[in-house]
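Morning, everyone. I have one structure to walk through today. Please bring it up on your screens.

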Amino acid sequence: MASPKDRRRSERFPTASIPVQLSDVNGELIDLSLHGAAVIHRSPVKAGAAATLIFPSYGGIYIPCEVLRSIVQVRRSEQGPEYVFRSAIVHSQLSGDQEQPRREFLTIQIQRLEDARKAM
């Protein structure tokens with residue numbers, strides 16, 4: 001049974017492989033919610049570790065988070081199989097004056113994803 005910390009508190013929206021960093025590891029954001037996200041990357045990260053989700057293409061937005069789990073997956077392509085890590089993260093709570101900009105940024109990104117999904 002999933003722990004309360006592990007259960008999703010909000011709907012996740014698939015993304016179109018947005019380039020991000022999970023602390024110092026380059027990756028791709030594959031889904032996003034107000035409370036968490038999933039990232040695919042090539043270097044391991046430790047479950048339970050504190051990290052920072054960085055959006056370099058948006059002027060370097062930094063969102064503190066915690067890695068809930070990180071598993072190895074095989075990604076198949078024309079070049080053959082590639083081993084990658086898929087990490088589930090939960091956003092850390094920020095202080096009052098920092099929480100509002102974070103929530104606004106995430107809300108805007110989620111609205112764009114929802115609009116794109118409805119347009120399909």
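**A barrel and a helix**

Let me start at one residue. Q79 counts as exposed, because its relative accessibility is 71%. The cut-offs are these: buried means under 20% relative accessible area, exposed means over 50%, and partly exposed is in between, with a 1.4 Å probe and protein chains only. Q79 lies in the loop between β5 and β6. From its C-alpha atom to that of V39 is 22 Å, and the two residues are 40 apart along the chain.

Now the ground rules. This is a predicted model, where local features need pLDDT of at least 70, side-chain atom pairs count only at pLDDT 80 or more, and totals for chains, interfaces and linings use all residues. Residues are numbered from 1 along each chain as its sequence is written, and side-chain values use heavy atoms, with hydrogens and water left out.

Confidence next. pLDDT is the predictor's confidence in each residue, from 0 to 100. Its mean over the protein chain is 87, and 92% of the residues reach 70 or more. Over residues 1–6 the pLDDT is below 50; beyond near neighbours in sequence, this stretch has six contacts in the model. Contact here means heavy atoms within 4.5 Å. Among the helix and strands, strand β3 (residues 36–41) has the highest confidence, with a mean of 96. Helix α1 (residues 96–119) has the lowest, at 87.

On to the fold. The protein chain has six strands and one helix. Those are DSSP runs numbered from the N terminus: H or I over at least four residues for helices, E over at least two for strands. In sequence order the pattern is β-β-β-β-β-β-α.

How do the strands close up? They form a closed barrel of six, in the order β1-β2-β3-β6-β5-β4, with antiparallel pairing. Neighbouring strands are turned by 45° against each other on average, direction ignored. For angles, axes are lines fitted to C-alpha atoms, for helices over the stretch in contact, and values run from 0 to 180 degrees between N-to-C directions. The helix α1 packs on this sheet and touches β1, β2, β4, β5 and β6 (80–91); its direction makes about 140° with that of β1.

A word on pairing. Strands of a sheet pair through backbone hydrogen bonds, either parallel or antiparallel. The cut-off is that DSSP finds at least two bridges between the two strands.

β5 and β6 run antiparallel, joined by twelve bridges. They form a hairpin with two residues between them. There, S77 stands opposite G80 in β6. β3 and β6 also run antiparallel, over six bridges. V39 has S87 in β6 as its bridge partner.

I54 stands opposite Y62 in β5. The hairpin of β4 and β5 has five residues between the strands, and G59 takes a positive phi near 80° there.

β1 and β4 pair over two bridges, again antiparallel. L22 has L53 in β4 as its bridge partner. Q21 stands opposite I54 in β4.

S23 has a positive phi of about 60°, although it is not a glycine. S23 sits in the loop between β1 and β2. With a relative accessible area of 28%, S23 is partly exposed.

Now the inside. What is in the largest nonpolar core? It has 19 residues, and V20, L29, L32, L53, F55 and I89 have the most contacts inside it. β1 (13–22), β2 (25–32), β3, β4 (50–55), β5 (61–77) and α1 each supply at least two of its residues. Such a core is a set of buried Ala, Val, Leu, Ile, Met, Phe, Trp, Tyr and Cys residues joined through side-chain atoms within 4.5 Å.

Look at I89. Leaving aside neighbours within four places in sequence, its contacts include L22, L53, C65, V67 and L68. R12, H35 and E66 are also among them.

Last, the overall numbers. Of the 120 residues, 35% count as buried. Of the contacts with a separation of 6 or more, 49% are between residues 24 or more positions apart. The C-alpha trace spans about 45 × 35 × 35 Å along its principal axes. The radius of gyration is 14 Å, which agrees with the value near 14 Å for a compact globule of 120 residues. That radius is taken over C-alpha atoms, and the globule rule is 2.2 Å times the number of residues to the power 0.38.
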